Amino acid sequence: MYPMAPLIRPVLHTMARIAPGPAGRLAFHLFVRPLGRAKLRPAERALRTAARTERLRVRGREVVTYAWGEGGRPVLLVHGWSSRASRLTPFAEALLARGYSPVAFDAPGHGESPGRASNIVEYRAVIRELHARHGDFHAVVAHSFGVLAALFALRDGVRTGRFVGLGGVGSFDLLLAGFRTGLGLDDRVVRCMREYVEQRLVPEEPGVWDRFGADHDPDALGAPVLLFHDEDDDMVPLVQARALARAHGDRARLVVTRGLGHRRILTDPDVLAGAMDFLTAAPAGEPSGERVTTG
C-alpha cells in the first residue's frame with residue numbers, strides 16, 4: 001500500500017524529534033492522498049452523461065457535482081475513499097425512477113475533481129454547500145469513508161430525514177491505525193499529525209479530532225439509520241457497523257450480508273431493494289436490531 005514506506009519512515013521519525021510541525025504536515029499530506037483515482041465504468045456512463053454537472057469552489061478547491069431529477073426530495077449520495085460518485089449509480093438510478101432527485105459529488109482528488117488529496121473537513125464543506133443549494137435532504141446514502149464524512153457533516157448543521165450507510169467506517173481511529181501500520185510510524189509522528197490537524201487545518205474548532213468518529217453525539221442526527229455491512233468486508237471490519245448501530249440505538253437497524261465484500265454491496269439487488277424500501281417508506285417508527293442476509 002505504501003511502497004515508499006522504507007524511505008519515508010526514517011525521515012518522519014527524525015523530523016518528529018527535531019521539527020514536529022513539519023513532521024505533522026508531511027504525515028498529514030501523505031495521509032490524505034487517495035490510493036489512485038477510480039475510473040468511470042461503462043455501466044456508469046449513461047447516468048453520468050445525463051447529470052447536470054457543476055464545478056464549485058469549496059475551501060479553495062474545485063469540486064465537480066452532479067444532480068438529476070426535478071429538484072424535489074433531494075437525496076445526497078456520498079462516495080468512499082479512492083472512489084467516485086458514479087460508483088453509487090445503482091442508487092441514483094433507483095431513486096430517479098421513483099421521483100427523487102439524487103445529488104452527488106466527486107471529492108477533491110477523486111473522480112472528475114482535480115487535485116491529489118482530500119480530507120474529512122473538505123467532504124463536510126462540500127456537503128454543507130450542497131445542503132445550502134438543495135435544501136434539507138430527504139435522505140443521505142453513503143459508502144465506506146463517506147459514512148464517516150457524511151455523519152460528521154450531519155452533526156454540524158446539515159439535515160436529513162433518513163440515513164443509509166454501506167460498508168461504513170465508524171471510527172476515525174481505524175483509518176489512522178491503517179496509515180500508521182502501513183508506514184510503520186511511531187506514536188510521536190502520529191501525535192505530530194494530530195496536532196497539525198487541530199492547529200492548522202481547523203484551528204477555529206478546538207478538539208475537532210475527537211468529533212471525527214461517526215458514533216460521536218449520535219443524537220445530533222435525529223433520523224432513522226439503516227446500515228448494510230458484509231461479514232466478508234476486507235476493508236472495513238463488521239465491528240465498525242455494529243458500533244455505529246449501538247451508538248444510534250433504537251433508531252438504527254443493521255443488515256449483515258454475506259459474500260459481497262466491500263464493493264459488491266453497492267450493486268447487490270437485495271441491498272438496493274432494502275435501501276429503497278427504507279428510503280421510500282412513510283414516516284414511522286423504524287425497526288431496530290440486526291439481521292443477516294446471504295449475498
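Visitor: Why are helix 2 and helix 8 called roughly perpendicular?

Guide: The axes of helix 2 (residues 20-31) and helix 8 (residues 187-201) come within 7 Å and cross at roughly 90 degrees. Angles of 65 to 115 degrees count as roughly perpendicular, while those under 35 are roughly parallel, those over 145 roughly antiparallel and the rest oblique, and therefore these two helices are roughly perpendicular to each other. This is a predicted model, in which local features need pLDDT of at least 70 and side-chain atom pairs count only at pLDDT 80 or more, whereas totals for chains, interfaces and linings use all residues. Residues are numbered from 1 along each chain as its sequence is written, and side-chain values use heavy atoms, with hydrogens and water left out.

Visitor: Why is strand 2 called mostly covered?

Guide: A residue is buried at under 20% relative accessible area, exposed at over 50% and partly exposed in between, with a 1.4 Å probe and protein chains only; in strand 2 (residues 61-67), 5 of the 7 residues are buried.

Visitor: How do you know that strand 2 pairs with strand 1 and with strand 4?

Guide: Two strands pair if DSSP finds at least two bridges between them. Strand 1 (residues 52-58) and strand 2 have 7 bridges in the antiparallel sense, and 4 bridges join strand 2 to strand 4 (residues 101-106), again antiparallel. Thr-65 stands opposite Glu-54 and has Phe-105 as its bridge partner in strand 4.

Note on methods: Axes fitted to C-alpha atoms, helices over the stretch in contact; angles between N-to-C directions.
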